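This report describes one protein chain and the meeting of two of its parts. Please consult the sequence and the structure while reading.

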Amino acid sequence: MQTTRAREWEGAAAASGDDPATTRAIARLERSVRAEAARPEVGTTTGTELVASLDGVTSSRRARVAAASRDVPVLYVVTLVVSGLALVVNSGALVFRNSLRTSLLVAGLASVVGLSLALLFALSGSWSGPFIVSGHPLDSIVGDLKSGFFDGRP
């Protein structure tokens with residue numbers, strides 16, 4: 001989790017999922033968990049839960065990498081830009097040579113279209129840009145693991 005947060009959480013590294021240090025850390029985790037789950041003292045139920053939890057971690061990582069690698073389709077962006085421009089141009093043609101109030105309506109409409117497109121781009125890059133997916137939950141789990149919270153100690 002620490003390696004993922006440090007090396008694969010933001011930007012292009014989040015979309016590629018091919019950081020060697022993270023790959024080695026996950027391989028070490030898998031070996032440790034499977035070795036621990038195979039110990040007779042652990043028991044079948046606990047061993048199964050350990051392996052299922054490991055699968056959850058690796059599946060979540062694959063889902064995160066897949067989500068980070070998706071971009072907004074170019075055709076979608078082109079369609080939105082063209083339709084937004086057409087809406088503004090048509091509105092402007094309707095209020096051509098009219099009062100200031102109707103001209104402000106077109107200006108407001110153009111602002112809404114522009115801000116909507118900006119929001120689309122800001123929200124489409126969850127691991128880069130102004131709105132980044134929070135890593136606080138991972139940081140909390142790492143802190144809990146280090147403190148022994150999951151060891152069952154009071």
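In helix 4, the buried residues are G47, L54, T58, R61, R64, V65 and A68; buried means under 20% relative accessible area with a 1.4 Å probe, protein chains only. Helices are DSSP runs of H or I with at least four residues, strands are runs of E with at least two, and both are numbered from the N terminus. The model is predicted, so local features need pLDDT of at least 70 and side-chain atom pairs count only at pLDDT 80 or more, whereas totals for chains, interfaces and linings use all residues. Residues are numbered from 1 along each chain as its sequence is written, and side-chain values use heavy atoms, with hydrogens and water left out.

The axes of helix 3 (residues 20-38) and helix 4 come within 8 Å and cross at roughly 165 degrees; axes are lines fitted to C-alpha atoms over the stretch in contact, and angles run from 0 to 180 degrees between N-to-C directions. Helix 3 is therefore roughly antiparallel to helix 4, a term for angles over 145 degrees.

The table lists the residues that meet, where contact means heavy atoms within 4.5 Å.

| Helix | Residues in the contact |
|---|---|
| Helix 3 | T22, I26, L29, E30, V33, R34, E36 and A37 |
| Helix 4 | G47, L50, V51, L54, D55, T58 and R61 |

The residues of this contact divide into 7 nonpolar, 3 polar and 5 charged. Here Ala, Val, Leu, Ile, Met, Phe, Trp, Tyr, Cys and Pro count as nonpolar, Asp, Glu, Lys and Arg as charged, and the others, Gly among them, as polar.

The protein chain as a whole holds 7 helices and 0 strands. Of its 154 residues, 22% count as buried.

Technical notes: Buried < 20%, exposed > 50% of the residue type's maximum accessible area, 1.4 Å probe, protein only. Parallel < 35°, antiparallel > 145°, perpendicular 65-115°, else oblique.
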